[in-house]
Amino acid sequence: MAADTTINLVINQKASFFATFVMKDSSGNVYDLSNSSACARYNSSYEASEDSAQEFTTAIPVGTDGAITIALDAEATAALDQNVKYVYDVIVTNNDTQFKTRIVQGAIKVSPGVTPVDC
C-alpha cells in the first residue's frame with residue numbers, strides 16, 4: 001500500500017461527519033483489508049503534542065471491498081474551532097504482521113454552523 005495520498009477535508013461544525021476511503025493498487029484493484037484494523041486522528045498541527053490528538057471513529061465495514069470509514073458525531077464537530085486548520089491521518093495495520101501504513105493524510109477546514117447540536 002502506497003502512502004502518499006493527501007485529501008483535504010471540510011467538516012461542517014455541529015453536524016455528523018462521515019468519510020470513506022477505498023484502498024486500490026496501481027491497477028485499480030481493491031485491497032483486501034479483512035485482516036486489518038484502522039486508526040485515525042486529528043490535531044491542531046503536526047507539531048502539536050500526541051496527547052492533544054482526537055480520534056475519529058474508524059471502521060473497515062467489509063474487508064474485501066478495501067473501504068475504510070472515519071466519522072465524528074455532531075458533539076465532536078461542535079467542539080472544533082473554525083479558526084484552526086486541523087490536520088489528520090489514517091493508519092491501517094495488518095493484524096498478522098503489525099505492519100502499519102499511513103494511507104491518507106491532509107488538512108481539515110471547519111465550516112461553522114448556526115443550528116445547535118440538539119436540534
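User: Which residues form the aromatic cluster here?

Analyst: Phe-17, Tyr-42, Phe-56, Tyr-86 and Tyr-88 form one aromatic cluster. Please keep in mind that this is a predicted model.

User: How many aromatic pairs are there by the ring rule?

Analyst: The count comes to four aromatic pairs. Let's look at two of them.

User: Why is the pair of Tyr-42 and Tyr-86 called edge-to-face?

Analyst: Two values settle that one. A pair of aromatic rings is described by the distance of the centres and the angle of the planes. Rings pair if their centres lie within 6.5 Å, and planes over 60 degrees apart count as edge-to-face. The ring centres of Tyr-42 and Tyr-86 are 5.9 Å apart and their planes stand at 85°, so the pair is edge-to-face. This pair also links distant parts of the chain: Tyr-42 belongs to strand E3 and Tyr-86 to strand E7, 44 residues apart. Tyr-42 and Tyr-86 are both buried.

User: What makes Phe-56 and Tyr-88 an edge-to-face pair?

Analyst: For Phe-56 and Tyr-88 the rings are 6.3 Å centre to centre, with 75° between the planes. Centres within 6.5 Å make a pair, and an angle over 60 degrees makes it edge-to-face. Here, too, distant parts of the chain are linked: Phe-56 sits in the loop between strand E4 (54-55) and strand E5 (57-59), while Tyr-88 sits in strand E7, 32 residues away. Both Phe-56 and Tyr-88 are buried.

User: Why does Ser-36 count as buried?

Analyst: The limit for buried is under 20% relative accessible area. Ser-36 has 14% relative accessibility, so it counts as buried. You will find Ser-36 in strand E3.

User: Which residues are in contact with Ser-36, leaving aside its neighbours within four places in sequence?

Analyst: They are Ile-60, Val-92, Thr-93, Asn-94 and Asn-95.

User: What lines the largest pocket?

Analyst: Its lining consists of 15 residues, and Arg-41, Asn-43, Glu-50, Ala-53 and Asp-89 lie nearest the centre of the pocket. Strand E3 (36-43) and strand E7 (86-94) are the elements that give two or more residues to this lining. The largest share, five residues, comes from E3.

User: How do the residues of that lining divide into nonpolar, polar and charged?

Analyst: Nine are nonpolar, two are polar and four are charged. Arg, Asp and Glu count as charged and Ala as nonpolar.

User: And how much space lies in the largest pocket?

Analyst: About 380 Å³.

Key: Residues numbered from 1 in each chain as written. Predicted model: local features only at pLDDT ≥ 70, side-chain atom pairs only at ≥ 80, totals over all residues. Heavy atoms only, no water. 1 Å grid on protein atoms, 1.4 Å probe; cavity = no way out; pocket = protein on both sides within 12 Å on 5 of 7 lines; lining within 4 Å. Points joined across faces, edges and corners; volume = space filled by probe spheres on them. Helix = DSSP H or I, 4+ residues; strand = E, 2+ residues; numbered from the N terminus. Phe/Tyr/Trp six-rings, centres within 6.5 Å; stacked < 30°, edge-to-face > 60°. Buried < 20%, exposed > 50% of the residue type's maximum accessible area, 1.4 Å probe, protein only. Contact = heavy atoms within 4.5 Å.
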